[in-house]
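Hi,

Here is the structure I promised to pass on. Have a look, and then read on for what turned up in it.

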Amino acid sequence: MAKGILVSIGGAEDKGTDLEAGVIDRNRLNFFELGILSSFIKLIQKENPRIEVITTASTIPDEVGENYLDAFSKLDCHNIGHLRIRNREDASDIANIDRLKAADAIMFSGGNQLKLTSIFGGTEFLQILSHRYNNEEGFVIAGTSAGAMAMSNTMIYEGNASRSHLKGEVKITTGLAFVKDVIIDSHFDKRGRFSRLAQAVASNPQALGIGLGEDTGVIIRNDDTLEIIGSGAVILVDGQNIRHSNIAEINDGSPISVENIKVHILERGNQYNLQTKKFEAKVNEMI
């Protein structure tokens, strides 16, 4: 059982940009009290925590890094670093590894999740990160969009939403494996990715599909307890009780057929236990 905490975010989380435009007070409440980045900071439970933002997945790492440094500064969190790791050589750099060892929390930005697995896979950096997550109470790893999708041991890395009902259109590989037996998809409702996640689950029925809406996320504690944060919905796709599936018999490009997939819709404060498959509609948030 991991002692650390994961925060998987569906992308496009509130970074406080509306505050600069003088928008209504409700936006201030959403950002400062209920916002995902605020929730992430509260989870660390340490005064002046050191947070490292990793922008490896992004094609515009400097811009993305600055956006997060600015957003965290609005939340009075200034001990922030930008780990600009662009290749496997950077991931093996002693200075970057030392910064990882000194961090209280890590946040992976969005972009291309395959960059994360191909650059960090098998490195000392990932070994240290996994060891800290599994063994250190209060150590937090967050990821948004691609950073969220890479957290599981089974990872979607490609799949056009309009063709994802066809066998072979959803590509799956091994993720960073912080959490097992789940498959995480992001920008879920905005980009119409239900069929994509359903095909991934039909191919791996032991894994629970977690579809994250934008500005919405899940906190994962003890490897099994999910709690929803943010302003949108999380869709859970459970294939454990699938009765019929044609996915093993049909050719690539043919429509899939699956019977008895179970779906849950969760909002902020709801919880779900991965082991017992139990849903709990909590009013008060855990954080």
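Which residues do ring pairs link into a cluster? They are Phe40, Tyr68 and Phe72. Before the details, please note that this is a predicted model, where local features need pLDDT of at least 70, side-chain atom pairs count only at pLDDT 80 or more, and totals for chains, interfaces and linings use all residues. Residues are numbered from 1 along each chain as its sequence is written, and side-chain values use heavy atoms, with hydrogens and water left out.

The structure has 6 aromatic pairs (rings of Phe, Tyr and Trp, the last by its six-membered ring, with centres within 6.5 Å; planes under 30 degrees apart are stacked, over 60 edge-to-face, the rest tilted). In one of them, phenylalanine 31 and phenylalanine 32 have ring centres 5.1 Å apart and planes at 70°, so this pair is edge-to-face. Phenylalanine 31 counts as buried at 1% relative accessibility, while phenylalanine 32, at 27%, counts as partly exposed (buried is under 20% relative accessible area, exposed over 50%, partly exposed in between, with a 1.4 Å probe and protein chains only). Phenylalanine 40 and phenylalanine 72 form a tilted pair, 6.0 Å centre to centre with 50° between the planes. Phenylalanine 40 sits in helix H3 (residues 36-44) and phenylalanine 72 in helix H4 (residues 61-74), 32 residues apart (helices, H or I, are DSSP runs of at least four residues, and strands, E, of at least two, numbered from the N terminus). Both phenylalanine 40 and phenylalanine 72 are buried.

Enjoy exploring!
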